[in-house]
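Here is a short briefing for a reader new to this structure. Look at the fold first, then follow the points below.

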Amino acid sequence: MIREQPSGPLCGESPVTFLSPSGSRSSKTFKPKKNIPEGSHQYELLKHAEATLGSGNLRQAVMLPEGEDLNEWIAVNTVDFFNQINMLYGTITEFCSETSCSVMSAGPRYEYHWADGTNIKKPIKCSAPKYIDYLMTWVQDQLDDETLFPSKIGVPFPKNFMSVAKTILKRLFRVYAHIYHQHFDSVMQLQEEAHLNTSFKHFIFFVQEFNLIDRRELAPLQDLIEKLGSKDR
């Protein structure tokens, strides 16, 4: 069992829930997209990443472009992964409810408990939708913090940036793990599996390239990770 260790602040924002005409909870509980300012250097880096991804070579696409700052490259990609996972989870929220997913898990062996170190200091057991709402709200708060993720040219990244980025990516991985273990049938029903697989493969190649997530944290999807890696050799 994995219990989330306290790390960083959390704004206690409630889920954004849209009601269908019948008044029931619909599938829109995800966060607004985080935009990188157009015209900024980070925007140019994002365009470079998208162009390289278009070539189909994901191993090459994750590499640090020559002459670029590692922190900035990790920041741009972290924002991009947040947006991707946000959208992917948004497609299956109607299947991920307090009833169907009363705990945040990735298969029978892995259960995640939430803590942020500020509002929730001791790890709490909560449903998957509640956990993911806590998680995505916390990530969004980090990305919106200009002292952590500066968007202006010349503003330095803080000394703790890499530590925060690693925590964000570790937590985002857990959303992939939950989707694969608990909702892959729904993903297939929606014909989203190719999109999910490509997004996850890109994510894994990126965190492997820069050693951003401890191997033990990846254990819930280790078989899939090895399968995706062997196909690309």
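N211 has a relative accessible area of 59%, so it is exposed; the cut-offs are under 20% for buried, over 50% for exposed and partly exposed in between, with a 1.4 Å probe and protein chains only. This is a predicted model, in which local features need pLDDT of at least 70 and side-chain atom pairs count only at pLDDT 80 or more, while totals for chains, interfaces and linings use all residues. Residues are numbered from 1 along each chain as its sequence is written, and side-chain values use heavy atoms, with hydrogens and water left out.

**Two loop residues**

- N211 sits in the loop between helix 6 and helix 7 (222–231).
- Its phi is positive, about 55°, although N211 is not a glycine.
- Q191 lies in the loop between helix 5 and helix 6 (193–209).
- Q191 is not a glycine either, yet has a positive phi of about 60°.
- Q191 counts as exposed because its relative accessibility is 70%.

**Overall build**

- The protein has 7 helices and 3 strands; these are DSSP runs numbered from the N terminus, helices being H or I with at least four residues and strands E with at least two.
- From the N terminus on, the order is β-α-α-α-β-β-α-α-α-α.
- Of the 233 residues, 50% are buried.
- Among contacts with a separation of 6 or more, 74% join residues 24 or more positions apart; contact means heavy atoms within 4.5 Å.

**Helix 4 and its partner**

- Helix 4 (residues 128–144) has 17 residues and spans 24 Å from first C-alpha to last, close to the 24 Å expected at 1.5 Å a residue. The expected span is 1.5 Å times one less than the number of residues.
- Helix 4 is largely enclosed by the rest of the structure, because 14 of its 17 residues are buried.
- The axes of helix 4 and helix 5 (residues 161–189) come within 10 Å and cross at roughly 150°.
- The two helices are therefore roughly antiparallel, a term for angles over 145 degrees.
- Residues in this contact include Y131, W138 and L143 from helix 4, and I168, R171 and H178 from helix 5.
- The contact residues divide into 12 nonpolar, 3 polar and 2 charged. Ala, Val, Leu, Ile, Met, Phe, Trp, Tyr, Cys and Pro count as nonpolar, Asp, Glu, Lys and Arg as charged, and the others, Gly among them, as polar.

**H48**

- H48 lies in helix 1 (residues 41–53).
- H48 counts as partly exposed, at 38% relative accessibility.
- Beyond its neighbours within four places in sequence, H48 is in contact with P65 and W73.

Key: Axes are lines fitted to C-alpha atoms, for helices over the stretch in contact, and angles run from 0 to 180 degrees between N-to-C directions. Angles under 35 degrees count as roughly parallel, over 145 as roughly antiparallel, 65 to 115 as roughly perpendicular and the rest as oblique.
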